[in-house]
Amino acid sequence: MITMTNKQLICPFCGLGCAVTLKIDEFGRPYAVDAFEGDHVSKGKACPKPFSIPSFLNSSNRLAHPMKRKENGFVEISWGDAIKEISERIKEITKSDDPSSLGFLGSANCTNEDNYVFQKFARAIGTNNIDHHASFFALSEINAMYKSLGIPSLSSTYEELKKKTTGLLSRWNNDSRIKEIIELLNKRVEDYLKG
């Protein structure tokens with residue numbers, strides 16, 4: 001009998017924290033994503049971003065082994081050698097410098113759970129220098145929002161949108177979640193005009 005499993009996780013692509021369900025086949029490979037019906041953030045809807053989770057987790061381009069830079073490029077090394085070398089280098093740096101001289105860069109191509117453990121590791125070493133590569137992509141949007149509206153926030157929950165009298169919608173696409181947000185904003189306008 002084929003056994004499929006589901007795993008609930010938090011979508012790693014933005015700061016909203018939408019729950020999604022990752023569907024896993026009998027070989028332990030993710031093959032699909034669904035919006036989590038009981039999620040209070042997304043109300044059971046999902047934007048297009050989490051649907052790419054299985055493709056990047058199963059990608060043949062995804063690193064499966066540690067790689068070490070050598071003179072002629074990268075070579076594969078064992079996990080044991082990689083962990084030993086990294087731990088020795090971290091010890092060396094923290095002995096000669098303040099641990100805050102270390103920096104850690106997370107990834108949206110990991111689960112939030114992976115990134116949580118990653119930041120706990122960085123903090124255990126003694127640094128708060130932790131960032132996420134999405135910061136580099138969103139920086140221009142954050143700056144534009146801050147300069148024009150005085151807030152750096154890029155997202156609102158459905159509950160927050162219901163309370164707003166003004167909304168700014170960018171990056172229009174035609175998925176069902178955007179349609180739902182437009183309907184919600186239209187209802188707010190109608191309610192406002194009715195008094």
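1. By the ring-pair rule, two aromatic pairs are counted. Rings of Phe, Tyr and Trp (its six-membered ring) pair if their centres lie within 6.5 Å; planes under 30 degrees apart are stacked, over 60 edge-to-face, and the rest tilted. Please keep in mind that this is a predicted model, where local features need pLDDT of at least 70, side-chain atom pairs count only at pLDDT 80 or more, and totals for chains, interfaces and linings use all residues. Residues are numbered from 1 along each chain as its sequence is written, and side-chain values use heavy atoms, with hydrogens and water left out.

2. Start with F104 and F118, an edge-to-face pair with 5.5 Å between centres and 70° between planes. F104 sits in strand 6 (residues 104-106) and F118 in helix 3 (residues 112-125), so the pair ties together parts 14 residues apart in sequence. Helices (H or I, at least four residues) and strands (E, at least two) are DSSP runs, numbered from the N terminus.

3. Next, F104 and F121 also pair edge-to-face, at 5.9 Å centre to centre and 85° between the planes. Here F104 in strand 6 is linked to F121 in helix 3, 17 residues apart.

4. Which residues do the ring pairs link into a cluster? They are F104, F118 and F121.

5. Now for accessibility: F104 is buried at 12%, while F118 is partly exposed at 28% and F121 is partly exposed at 41%. Buried means under 20% relative accessible area, exposed over 50%, and partly exposed in between (1.4 Å probe, protein chains only).
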